[in-house]
Amino acid sequence: MYRRALFAQVLWRQGLKTNINHYKPCMNQLSVRLTNVKEQSTVAMDESYVKKFMNAVGWMDKSRTRLKLTGYFLYECVPDKVCYEEWFEKLELPDTFASWFLVTELHVWILMVRYMAEDITEKKKYIKGDGHFVRNCIIEALWADVANRIKLLEGANPSLAKKQVSELSEQFQAALVAYDEGLSDDKVMAAAIWRRFYSLSEDTKAENVERIVHFIRHQVSVLDKIPSENLKWKPDIPWLSIVNH
């Protein structure tokens with residue numbers, strides 16, 4: 001399953017025109033401290049993008065509509081269920097928007113790996129299917145949430161916020177490439193984590209990087225056991241704790 005997921009991801013990213021130089025985070029403007037991550041606006045709240053979408057189209061019995069909702073609900077389960085405070089404390093990350101994004105990004109990538117594995121390859125050619133569609137919906141929900149959160153940051157400037165989202169998008173695409181390359185190699189994955197989470201700082205504790213790599217392996221394995229039918233229509237993602245996994 002992992003090899004199939006990796007191959008699907010590699011073929012997909014061939015279409016990305018990403019400059020790897022963008023991979024190192026430029027988070028200076030996003031170092032605003034978060035007093036309480038879950039108080040920030042997400043797609044899970046009352047005025048959510050999910051609910052607006054549901055009100056617009058209703059519960060139509062069409063597969064693509066239901067899959068779109070699945071994608072939004074899947075993203076929603078990340079900020080709703082992940083304990084960011086544990087990640088910040090255990091991994092010595094600052095309690096900032098930048099750190100929130102890095103943790104969210106990693107969980108979104110793990111979802112993408114699982115759903116891309118639902119599609120098939122024929123003669124070394126990736127065939128886009130429902131997995132690819134759900135993946136796009138997850139990403140769509142992510143950026144809707146990010147844009148909304150940045151607007152709520154103290155002293156946020158609309159033009160600056162737009163620029164920040166653009167920078168994050170470039171970093172996100174480069175991070176996906178790096179994580180994909182580390183999917184089957186712990187050393188490569190560790191290097192990607194070190195660069196993305198700790199900007200290659202020499203003060204980084206090796207055990208923090210190792211903990212994240214181990215979390216990724218365990219979490220991907222857990223998601224791999226979820227039946228395809230449940231992934232499509234009844235997704236219930238059991239996110240593991242970074243402390244005990």
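These questions and answers walk through a predicted model of a protein chain.

Reader: What percentage of the residues in the protein chain is buried?
Author: A residue counts as buried when its relative accessible area is under 20%. The protein chain has 245 residues, and the buried share is 47%.

Reader: What share of the contacts with a separation of 6 or more joins residues 24 or more positions apart?
Author: Take the contacts in the protein chain with a separation of 6 or more. Residues 24 or more positions apart account for a share of 73%.

Reader: Is H5 largely enclosed or largely open?
Author: H5 has 20 residues and reaches 28 Å from its first C-alpha to its last, close to the expected 28 Å. Of its 20 residues, 20 are buried.

Reader: How does H5 run relative to H6?
Author: Helix H5 spans residues 97–116 and helix H6 spans residues 130–152. Their axes lie 9 Å apart, at an angle of about 170°. Angles over 145 degrees count as roughly antiparallel. So H5 is, relative to H6, roughly antiparallel.

Reader: Which class has 15 residues in the contact of H5 with H6?
Author: H5 brings residues including Phe97, Trp100, Phe101 and Leu111, while H6 brings Val134, Ile138, Leu142 and Trp143 among them. Three residues of the contact are polar and three are charged. The class with 15 residues is nonpolar.

Reader: How is H8 set relative to H9?
Author: Helix H8 covers residues 186–198, and helix H9 covers residues 206–224. Their axes come within 9 Å and cross at roughly 120°. The crossing is right-handed. That angle makes H8, relative to H9, oblique.

Reader: How many nonpolar residues are in the contact of H8 with H9?
Author: Met189, Ile193 and Trp194 are among the H8 residues in the contact, and Val209, Ile212 and Ile216 are among those of H9. The contact also has one polar and two charged residues. The nonpolar count is ten.

Reader: What separates the C-alpha atoms of Val165 and Trp143?
Author: Val165 sits in helix H7, residues 158–181. Beyond its neighbours within four places in sequence, Val165 is in contact with Trp143, Val146, Ala147 and Ile150. Val165 and Trp143 are 22 residues apart along the chain, and their C-alpha atoms are separated by 7.9 Å.

Conventions: Residues are numbered from 1 along each chain as its sequence is written. This is a predicted model: local features need pLDDT of at least 70, side-chain atom pairs count only at pLDDT 80 or more; totals for chains, interfaces and linings use all residues. Side-chain values use heavy atoms; hydrogens and water are left out. Axes are lines fitted to C-alpha atoms, for helices over the stretch in contact, and angles run from 0 to 180 degrees between N-to-C directions. Helices (H or I, at least four residues) and strands (E, at least two) are DSSP runs, numbered from the N terminus. Angles under 35 degrees count as roughly parallel, over 145 as roughly antiparallel, 65 to 115 as roughly perpendicular and the rest as oblique. Contact means heavy atoms within 4.5 Å. Ala, Val, Leu, Ile, Met, Phe, Trp, Tyr, Cys and Pro count as nonpolar, Asp, Glu, Lys and Arg as charged, and the others, Gly among them, as polar. A crossing is left-handed if the near helix is turned anticlockwise from the far one by less than a right angle, and right-handed if clockwise. The expected span of a helix is 1.5 Å times one less than its number of residues. Buried means under 20% relative accessible area, exposed over 50%, partly exposed in between (1.4 Å probe, protein chains only).
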